[in-house]
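Visitor: I'd like to learn how to read a structure like this one. Could you walk me through it?

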Amino acid sequence: MTMSSKGMTCIWVVVCLGLVGCAPEKTEPQKTTGAKASAAKRADSTVGSAAAQPTSPSTSQPQNAPSSATMPAPAPTQTEQKPAAAEPAAEPKRPDVIFVPTPQEVVDKMLELAQVTKDDVVYDLGCGDGRIVVTAAKKFGCKAFGFDVDPERIQESKENVEKNGVGNLATIEQKDIFTLDLSKANVVTLYLLPSLNVKLIPQLEKLKPGSRIVSHDFDMRGVTPDKVVTVDGDGGYGHTVYLWTTPLKKETETK
Ligand SMILES: C[S@@+](CC[C@H](N)C(=O)[O-])C[C@H]1O[C@@H](n2cnc3c(N)ncnc32)[C@H](O)[C@@H]1O
């Protein structure tokens, strides 16, 4: 072997050693050895070796257990884990009863029975297409308010108000009727359901004395009406109209 081939061999050996030194670490879990192994064993067991005896049988912490400062932070509680994002918007209120319009002859009878004048303020709770509100404003020249939760009905009512040129007297609002303050009304019209009429009693009791409530087809269990009349509507079908005057006469009081 010449000097130059010896030199080449040396370079080759040096390169190989260098490559071994740079080899990536094994990804497989390695056996715990030495001090690490004994610390892990002590942490796992209350039965210590002579080198790591617990001070009492009840002490499970090894003497050299990591302090809380080096312990991983405790997992956050359920409430702490709540995402910081804003709460989702509340579901829009759905109608408690579907839209069925009151025939015009029944609307006329309801307002007549309530003896509406231009000085009254009429509230139609669940106004549908706004026909009661429009009729009250147009026929009696009074202020009238219609409330509904259905955006489609609100749109129809507003169009109806505009078409009939009563925008100066009639107001339509998208609101849940069970959240309304009725203290400014003195005529309330209803075409809902018997159970919804009953649910409205606490609000209706806040009406001024002498206010009138008229309901198409449905009574108000527990409250005695002042009048009940029947009207022939479209197709000859008889419609009932109930009238109550405030203060309401609870049936227990009248018995
Ligand atoms: C049977 S329709 C009566 C419509 C109109 N008052 C009439 O007599 O022609 C009942 C109306 O009440 C509305 N409604 C139901 N639940 C409601 C609520 N909680 N708040 C407001 N409107 C509601 C419905 O969207 C529907 O338009």
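Visitor: What should I know before starting?

Guide: This is a predicted model, where local features need pLDDT of at least 70, side-chain atom pairs count only at pLDDT 80 or more, and totals for chains, interfaces and linings use all residues. Residues are numbered from 1 along each chain as its sequence is written.

Visitor: How many helices and strands does the chain have?

Guide: Helices (H or I, at least four residues) and strands (E, at least two) are DSSP runs, numbered from the N terminus. Here there are eight helices and seven strands.

Visitor: And in what order do the strands sit in the sheet?

Guide: Strands of a sheet pair through backbone hydrogen bonds, either parallel or antiparallel. Two strands count as paired if DSSP finds at least two bridges between them. In this model seven strands make an open sheet with mixed pairing, in the order 3-2-1-4-5-7-6. Strand 3 (170-174) and strand 6 (227-232) are at the edges with a single partner strand each, so one side of each has no neighbour in the sheet. On average, neighbouring strands are turned by 20° against each other, direction ignored. For angles like that, axes are lines fitted to C-alpha atoms, for helices over the stretch in contact; angles otherwise run from 0 to 180 degrees between N-to-C directions.

Visitor: Which pairings are parallel and which antiparallel?

Guide: Strand 4 and strand 5 are parallel, over four bridges, with T189 partnered by V214 in strand 5. Strand 5 (residues 212-216) and strand 7 (residues 238-245) run antiparallel and are joined by five bridges; V214 faces L243 there. Strand 6 and strand 7 are also antiparallel, over six bridges, and V228 has Y242 as its bridge partner in strand 7. These two form a hairpin with five residues between them, and G235 in the turn has a positive phi of about 75°.

Visitor: Which way do the residues of strand 5 point?

Guide: In a regular strand the side chains alternate between the two faces of the sheet. In strand 5, R212, V214 and H216 point one way and I213 and S215 the other, and all are buried. A residue is buried if 20 or more other C-beta atoms lie within 10 Å of its own, exposed if 12 or fewer, and partly exposed in between, with C-beta atoms placed from the backbone.

Visitor: Is T245 buried or partly exposed?

Guide: T245, in strand 7, counts as partly exposed because it has 17 C-beta neighbours inside 10 Å. Contact is another handy term: two residues are in contact if their C-beta atoms, placed from the backbone, lie within 7 Å. Leaving out residues up to four places away in sequence, T245 touches G210, R212 and D226.

Visitor: Where is A185, and what does it touch?

Guide: A185 lies in the loop between strand 3 and strand 4. A185 is buried, with 26 other C-beta atoms within 10 Å. Beyond residues up to four places away in sequence, A185 touches V121, Y123, L207 and S211.

Visitor: Why is helix 4 called largely enclosed?

Guide: Eight of the 10 residues of helix 4 are buried, so the rest of the structure largely encloses it. Those buried residues pack against helix 3 (104-113), strand 1, strand 2, helix 5, strand 3 and strand 4. Just after helix 4, G141 takes a positive phi of about 70°.

Visitor: How many residues are in the largest nonpolar core?

Guide: In soluble globular proteins, nonpolar side chains tend to be buried together. A nonpolar core is a set of buried Ala, Val, Leu, Ile, Met, Phe, Trp, Tyr and Cys residues joined through C-beta atoms within 7 Å. The largest one here has 44 residues, and V133, A136, A137, A144, A170 and V188 have the most contacts inside it. Helix 4 gives the largest share of this core, six residues. Beyond its neighbours within four places in sequence, V133 contacts residues including A144, F145, A170 and I172.

Visitor: Which residues come nearest to the ligand?

Guide: A residue is near a molecule or strand if its C-beta atom, placed from the backbone, lies within 6 Å of it. Of the 24 residues around the ligand, P95, T102, G126, G128 and Y191 come nearest. Helix 4 (131-140) and strand 2 (143-148) each supply at least two residues of that shell.
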